[in-house]
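Biologist: Before we talk about pockets, the ligand and the cavity, could you put the model on the screen?
Modeller: Here it is, and we can go through it one question at a time.

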Amino acid sequence: MSVVGARPNFMKIAPFIRSIKTYSSRNDIEIKHILVHTGQHYDIRMSEAFFSELEIPDPDINLEIGSGSHAEQLGYTMIAFEKVLAEEMPDWVVVVGDVNATLACSVIAKRNNIKVCHIEAGLRSGDMSMPEEINRLVTDRLSDLLMTPDLLSSENLRKEGTSDEKIHFVGNIMIDTLEANKQKASGLSLDKIITNNLALGSISSGNIPKDNGYAVLTLHRPSNVDKEEVFAPLIEFLLTEASKDLTLIWPIHPRARKQLKTLHLWDRVINHPSLILLEPLGYHEMLRLNMGAKIMLTDSGGLQEECCVLGTPCLTLRWNTERPVTLRENGGASVLVGNNIERIRKEYFHTLNLNREPSRPELWDGHTAERIIRIIAESNREVF
Ligand code: UD1
């Protein structure tokens, strides 16, 4: 049984489910797979759209948890997931990433003596104010198989006392999805992506930027959008300085949209000639935007990794990252700029002069899911 809940889970589960089919037919064995969606993300653009474009089968079970406080999301997920486990009794529960679904379902699986495999294990930001860091720590502590995307993550687990036989360095499953979809994405027209997804109003063709003539912005972390003293100066910098050199394209997360309205920044943002506000985009559309961007400004984890492989210079609007292999100092494309405007300004203008430099950490080769299913199947054989 595998579990998804929120947007960044979908691109991780797609290759995993595909690899179950390939592995079963190659090895002539039957693996029954059940997909559970906790329903943490439920808007069409945040969820359903990814199922169709990444060809993920419809979830067998949807817990329909929806939005709420962390306690509500975790608690309702646990209650509903326990019933699912009682009914289905899977041999394995496979969880991905670090969202609330990952934590809730791994805890309940272990409480019911079901084995847990965590894909994307061992990432550590060291920042306990991030809900995701707590989700990662608990999930990894409980998991029977820990699939790490890089050697630094394997090392993190070892330092915490995880035994070696549980840790498997398999590479980054996000990159399986990138490799499988980059050709399709590169064929998309920038003009169409923009005109089809405008968050409001219309745009004249003269205002649509060309490749290399725009920056992409994404923001959704509470640490950036929840506090006025952080969000307002950031918006001011983007509108009055960053947008002078490049058009800014901002596919907007529901949390950021809500906060712009609450903090009375919405009117400022929608009336700016060099800022294009878009609805949340699909996977291919976002990948296409990334491929043509001069700069990425983001607080997302997945985008840091995609920028690394595509070479897009990336300003990570955070003070720490659980993905240090993506940093420039380690050969990647991103630099941590936090939310200090001085620092963002300095790096932004420096980065304007940089060129695209792709780099590929070890085993980010598009075959991670194949390695994962083989390890699960082999360890299952040992158990029986
Ligand atoms: C969650 C994940 C985060 C991930 C992010 C990607 C956790 C702790 N956080 O954060 O790691 O990077 O997803 O998006 O699991 N909303 C909608 N429609 C939806 C879903 C949410 O409008 O389909 C709105 C709701 O107002 C909600 C807010 O967005 O309150 C935040 O959603 P939530 O699921 O609580 O967390 P994210 O910030 O999306």
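Biologist: Which element gives the most residues to the lining of the second largest pocket?
Modeller: This is a predicted model, in which local features need pLDDT of at least 70 and side-chain atom pairs count only at pLDDT 80 or more, while totals for chains, interfaces and linings use all residues. Residues are numbered from 1 along each chain as its sequence is written, and side-chain values use heavy atoms, with hydrogens and water left out. Helices (H or I, at least four residues) and strands (E, at least two) are DSSP runs, numbered from the N terminus. With five residues, the element that gives the most to this lining is H16.

Biologist: What is the volume of the second largest pocket?
Modeller: A pocket, on a 1 Å grid over the protein atoms alone, is an open set of points with protein on both sides within 12 Å along at least five of seven lines, and lining residues have an atom within 4 Å of a point; a cavity is a set of points where a 1.4 Å probe fits but cannot get out. Grid points are joined across faces, edges and corners, and a volume is the space filled by probe spheres set on the points. The lining of the second largest pocket holds 21 residues, with Ile 31, Lys 32, Asp 91, Trp 92 and Asn 380 nearest its centre. Its volume is about 500 Å³.

Biologist: How much of the area that the ligand exposes when taken alone does the protein bury?
Modeller: An oxygen atom of the ligand is 2.6 Å from an N or O atom in the side chain of Glu 132, and a polar side-chain atom of Gln 40 lies 3.0 Å from a ligand oxygen atom; a polar contact is a pair of N or O atoms within 3.5 Å, where within protein one must be able to donate a hydrogen and the other to accept it, and residues adjacent in sequence count only if both atoms are side-chain atoms. Taken alone the ligand exposes 750 Å² (Shrake-Rupley method, 1.4 Å probe), and of that the protein buries 89%.

Biologist: Which element gives the most residues to the shell around the ligand?
Modeller: Helix H3 (70-88) and H11 are the elements that give two or more residues to this shell. With three residues, the one that gives the most is H11.

Biologist: With which side chain does the side chain of Arg 257 make a polar contact?
Modeller: Arg 257 sits in helix H11 (residues 254-262). The partner, at 2.7 Å, is Glu 279.

Biologist: What is the volume of the largest cavity?
Modeller: Searching the whole structure gives one cavity of 30 Å³ or more. Strand S6 (145-148) and H16 each supply at least two residues of the lining of the largest cavity. The space in this cavity is about 40 Å³.
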